[in-house]
Amino acid sequence: HMRYYLIAGEASGDLHGSNLIRGIRKADSGAVFRFWGGDKMAEAGGAENLAMHYKKASFMGFTEVLLHLRTIFRQMDECKADIAAFRPDVLILIDYAGFNLRIARFAKENGIPTYYYIAPKVWAWKESRVKKIRKYVDRLFVIFPFEIDYFRSKGIAPVYEGNPLIDSIDQRRTGLLSHNEFAAQNGLDGRPVIALLAGSRRSEIGYNLPFMVELSKQYPQYQFVVAGVSWLDKQVYTPYLDGSDVRYVCDKTYELLSVSDAAVVTSGTATLETALLGIPQIVCYRRDWASMLIGKAFLKIPYVSLVNLVLRREAVRELLQHHMTMKNATEELSAILPGGAKHEKMLADYAELQRLIGQKNPSDRFAARMVELLHKDLNEKHGEKSAHTANNGASRVLSAAQDPSGATGTSTSPDSPASK
């Protein structure tokens, strides 16, 4: 029975990890699991196999990490001890680079094969992590087509089988409500809806939601609805919504998008989810100048929207920092609404995006490849071990025959690392 240890450090990793576990079970029915993750992974792989819940270990942002350094290092030690006790055939790290790359180093030093699923976004920032990936990771599994060439150029051969967001969207699509049902359940009126995705962190919401609320006042014929996230209290949103016509729903992002005519999105994965659901969007993103300048210095990418990065052009208009003006936003939003000048073009661009990353059941394909490569890697490892043992035995016999004193010289075989 193959033993799999998985580590995910936030909600998205838990979701993709759960679909990966189901996929591994299909490819390897005797699979034994242990993992750091959340409720979804526990549901897929057994609650008794959950070693640590990410909610106890989730720290975001520079200051928060500094404040919790002692906790983070303690958890890292606990994680290493748990991996060592479980003795996995493979360690599968899911995103969450700050923590996982340190664990990868530990695994490498202890001879545990390490697979990285959902590569750290080193093409965007912290390119220094590429060296660590090359050094400590045995197999890299990437989820964007443009990452293939990027990692190849860095001397890493990645595996690409599509994007796991496709699975999470397909799983949710079945239970989606009609516009009228959604409106009735969430206290909305009969007007068509525009979704506001203001970010998943307190600071992002503070910088972007007030602008979105102002924008809503230009479109009284639409009902604007903000998509809240459960890990932030409703009070984070209400000060900005008070006195406005904007409504709030929580943990219903897909459901909200599916009944919307358009969306205003900050950035991140949400831009891709919006596009895969076929909802026209504009990206509005503002941060404090210090973060933005630091970001600009570290960011190595032409766009912030994943839609544009995959399509390699600005299919979705990005209004960043000083470009985020009411004039620009109303122009762009009016153009992508039904009947607008850019509406059909955006849907055609989305169809191209679907062709590039929209193949069905990616998690099952990634899982099957992992199981297949694991067998191959372990066979090679055992092959090397037995060849090494046989070589040692043969060279001892040989050197004993050549040198009765028992002293042996060292030689470099053409396949050994030293000769390369």
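This is a predicted model: local features need pLDDT of at least 70, side-chain atom pairs count only at pLDDT 80 or more; totals for chains, interfaces and linings use all residues.

Colleague: How are helix 4 and helix 5 oriented to each other?

Modeller: Residues are numbered from 1 along each chain as its sequence is written, and side-chain values use heavy atoms, leaving out hydrogens and water. The axes of helix 4 (residues 69–86) and helix 5 (residues 97–109) come within 11 Å and cross at roughly 40°. Angles under 35 degrees count as roughly parallel, over 145 as roughly antiparallel, 65 to 115 as roughly perpendicular and the rest as oblique, so the two helices are oblique.

Colleague: Which residues of helix 5 make the contact with helix 4?

Modeller: Contact means heavy atoms within 4.5 Å. Helix 4 brings Ile72, Gln75, Met76, Cys79, Lys80, Ile83 and Ala84. From helix 5 come Phe99, Arg102, Ile103 and Phe106.

Colleague: What is the handedness of the crossing of helix 4 and helix 5?

Modeller: Left-handed would have the near helix turned anticlockwise from the far one by less than a right angle, and right-handed has it clockwise. The crossing of helix 4 and helix 5 is right-handed.

Colleague: Where does pLDDT stay under 50?

Modeller: Mean pLDDT for the protein chain is 88, and 87% of its residues reach 70 or more. The stretch under 50, with 7 contacts beyond four places in sequence, is residues 397–420.

Definitions and conventions. Axes are lines fitted to C-alpha atoms, for helices over the stretch in contact, and angles run from 0 to 180 degrees between N-to-C directions. Helices (H or I, at least four residues) and strands (E, at least two) are DSSP runs, numbered from the N terminus. pLDDT is the predictor's confidence in each residue, from 0 to 100.
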